[in-house]
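Here's a quick tour of how two chains meet in this structure. Have a look first, then read on.

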Amino acid sequence: MLSPGKLFVFLNKISKSIKVILIPLLIVSLIFSLFISPLDYIQGDTVRIMYVHVPSSWIALACFSFIGFFTILNFLFKYKNAFVIYKSLAPIGFSFCLISIVTGSIWGQPTWGTFWAWDARLTSMLILLFFYILFIFSYKYIQDLNTSSKICSIISVLGLINLIIIKYSVDIWSTLHQPSSVNVFGKTSIHNSMLLPLSLMLLVFLVYCALIFLMKYRSEIIRMKRKGLKRL
Amino acid sequence: MNLNIFIMGGYGLYVWSAFLFAFLVCLILFLKTRKSLLKLEKDYKEEVKKLSAEQVETLSKAKISRDILTSQSKVK
């Protein structure tokens, strides 16, 4: 596996390209999702909220999956880069989980007639937000690395179980939230005219995540290097 | 000017507020991360200034340290 040093120099090089493509890509995606994409025949213009809500939810779930993987990797094999990676991913996942819940709530008012319902999908997403908060607090405020690593592992394992609940909540329980319309391995029930802006917004968010991840990763490495300076 | 683009059939408030909230959160995260990164780079450079010439030479052999020190000079 790559050492933090090699990864640091490599990631710094790609962060420059990311900054160049982010703004034009954002403008194109916004034009598609706010103006060009068609209205939904039932929901009308409110369907446009989907273009921020759905990619945010996917990113929040994906970030926690990666966090779970790297926390377990760190706990079992003491892979030093894992600690830096999951610390860089957690604030990104938290932000997107918050975006997902708030935009979902805004979408809920005109669609369901309420901002919030204690429905299985909504509640399990709220639990994920709490897992993110607990996780961030654990590595931030627990000074002992071993204890912090153990607590982070426990939180991430519980969080991974919650991810499965989130995924299947709409199938197991009768919920207000609709089942998924986009399936990687199954049939996608969303029209291409809506799938294109959705994919573009996902790409914008992913590029943005990559930029934040690189900045966070760089910060963590500098923190480690500062500790090393004292030993010189 | 076609105001319906902004009114969105009466749902404009919901759509625009959802987009604004998303981009506000992204902007705050970006600015917070950038501020903390620049501060760390600045502090690192200040700590390097306190080292002896020999220690600085040893340090500049490492790729990461060289990269941090040069990026800080670009920021200023």
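## The end of a helix

Helices here are DSSP runs of H or I with at least four residues, numbered from the N terminus. α3(A) itself has 33 residues and reaches 47 Å from its first C-alpha to its last, close to the 48 Å expected at 1.5 Å a residue (the expected span being 1.5 Å times one less than the number of residues).

Keep in mind that this is a predicted model, where local features need pLDDT of at least 70 and side-chain atom pairs count only at pLDDT 80 or more, while totals for chains, interfaces and linings use all residues. Residues are numbered from 1 along each chain as its sequence is written, and chains are lettered from A and ligands numbered from 1 in the order in which they are written.

## Helix against helix

Helix α3 (residues 80-112) of chain A packs with helix α2 (residues 12-49) of chain B at an angle of about 170°, their axes 9 Å apart. Axes are lines fitted to C-alpha atoms, for helices over the stretch in contact, and angles run from 0 to 180 degrees between N-to-C directions. So α3(A) is roughly antiparallel to α2(B) (angles over 145 degrees count as such).

## The wider interface

Overall, 31 residues of chain B are in contact with 35 residues of chain A. α2(B) gives the largest share of chain B's side, 19 residues.

Conventions: Helices (H or I, at least four residues) and strands (E, at least two) are DSSP runs, numbered from the N terminus. Angles under 35 degrees count as roughly parallel, over 145 as roughly antiparallel, 65 to 115 as roughly perpendicular and the rest as oblique. Two residues are in contact if their C-beta atoms, placed from the backbone, lie within 7 Å.
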